[in-house]
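This briefing covers the fold, the helix packing, the sheet and the nonpolar core of one protein. Please consult the sequence and structure shown below alongside the points that follow.

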Amino acid sequence: QEDSMLQSDKLSILGQLAAGIVHEIRNPLTSLKGFIQLMKSDKTYNSEYLRIIETEMEQIDAITKELMIFAKPSDPKFQSCTLQSIFHSCMRLLEGQFFQKRIKIVTDMEDELIRIVCDEQRLRQVFLNLMKNALEAMDHPGKISITIKRKNNEGMFAITDEGSGIPKEMIGKLGQPFLTTKRNGNGLGLMMCYKIVEEHNGRIEVESKEGKGTTFRVFLPLKKVDMK
Ligand code: ADP
Ligand code: MG
């Protein structure tokens, strides 16, 4: 029953649901924020408690923002860009975190630029999420390998970590909303990856060995003029 539904249908239902929930959460949140501001100017309230309330509310805000990505009817802005440039911009954002965890990034890159037609902003989200997951899966120093290659008429972005790996029974469930094994996870990252890659007519492959590590491969069609 469940599997007779297309992944994209599931996502669209979830999108509608998300839109409703986000709306219902945002309104009271805005009102609460107003009252917090008022209380902050009143010395009778414990400022430390107010600070905690504010931080927690920001957390709610951040999660609803993430949900909005599904709630918005998708109108991706397609333009020509390269896999290499998307990767480099993600790398700049995460460099500090890799360094802190003493994780080395090893790259194997096609010399020629791999051009695709894509919504750069969204694909950056995909690469970022995969890189963050790889980073979070590793609780010891080590390396993460990134491969960017042309395979026939597709460009491939692959990322291999030396982390905990994903249990076999979980592999088939990847991309389901709220599936997380992390204390601070939300289980929306991979779901977003699948949705975005799907709207680019691409696909994602996963290979993982528990205790050894994981590889995620993203395949995206090349820009038409570069196809053979
Ligand atoms: P989150 O990162 O918030 O938990 P994701 O959707 O990004 O949500 O990932 C869902 C789950 O898939 C993670 O909680 C984790 O259990 C598993 N996972 C994803 N990527 C990896 C990886 N590279 N190594 C090990 N487990 C992973
Ligand atoms: Mg994640």
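A crossing of two helices is called left-handed if the near helix is turned anticlockwise from the far one by less than a right angle, and right-handed if clockwise. The model is a predicted one: local features need pLDDT of at least 70, side-chain atom pairs count only at pLDDT 80 or more, and totals for chains, interfaces and linings use all residues. Residues are numbered from 1 along each chain as its sequence is written, while chains are lettered from A and ligands numbered from 1 in the order in which they are written.

**Overall architecture**
- The protein has six helices and seven strands, where helices (H or I, at least four residues) and strands (E, at least two) are DSSP runs numbered from the N terminus.
- Their order along the sequence is α-α-β-α-β-β-α-β-β-α-α-β-β.
- Along the principal axes, the C-alpha atoms occupy a box of roughly 70 × 40 × 35 Å.
- Among contacts with a separation of 6 or more, 77% link residues 24 or more positions apart; a contact requires C-beta atoms, placed from the backbone, within 7 Å.

**Helix packing**
- Helix α3 (residues 83-100) and helix α4 (residues 120-137) have axes that come within 9 Å and cross at roughly 35°; axes are lines fitted to C-alpha atoms, for helices over the stretch in contact, and angles run from 0 to 180 degrees between N-to-C directions.
- This crossing of α3 and α4 is right-handed.
- Residues making the contact include Phe87, Cys90 and Leu94 of α3 and Leu123, Phe127 and Met131 of α4.
- By class, the contact comprises eleven nonpolar, two polar and two charged residues; Ala, Val, Leu, Ile, Met, Phe, Trp, Tyr, Cys and Pro count as nonpolar, Asp, Glu, Lys and Arg as charged, and the others, Gly among them, as polar.
- In helix α6 (residues 189-199), eight of the eleven residues are buried, among them Met191, Tyr194 and Lys195.

- Five strands make an open sheet of mixed pairing in the order β2-β4-β5-β7-β6; two strands pair if DSSP finds at least two bridges between them.
- Strands β2 (103-109) and β6 (203-209) are at the edges with a single partner strand each, so one side of each lacks a neighbour in the sheet.
- On average, neighbouring strands of this sheet are turned by 15° against each other, direction ignored.
- β6 and β7 (residues 213-221) run antiparallel and are joined by seven bridges; Glu205 stands opposite Arg217, and Val206 has Phe216 as its bridge partner.
- Three residues separate β6 and β7 in their hairpin, and Gly211 in the turn has a positive phi of about 80°.
- α3 lies across β2, β4 (142-151) and β5 (154-161), at about 175° to β4.
- α4 packs on the sheet, touching β2, β4, β5 and β7, and its direction makes about 20° with that of β5.

**Nonpolar core**
- In the largest nonpolar core, which has 29 residues, Phe87, Val126, Phe127 and Leu130 touch the most other members; such a core is a set of buried Ala, Val, Leu, Ile, Met, Phe, Trp, Tyr and Cys residues joined through C-beta atoms within 7 Å.
- Elements giving two or more residues to this core are α3, β3 (115-118), α4, β4, β5, α6 and β7.
- Neighbours within four places in sequence aside, Val126 contacts Cys193, Ile196, Val197 and Val218.

How values were computed:
Two residues are in contact if their C-beta atoms, placed from the backbone, lie within 7 Å. A residue is buried if 20 or more other C-beta atoms lie within 10 Å of its own, exposed if 12 or fewer, and partly exposed in between; C-beta atoms are placed from the backbone.
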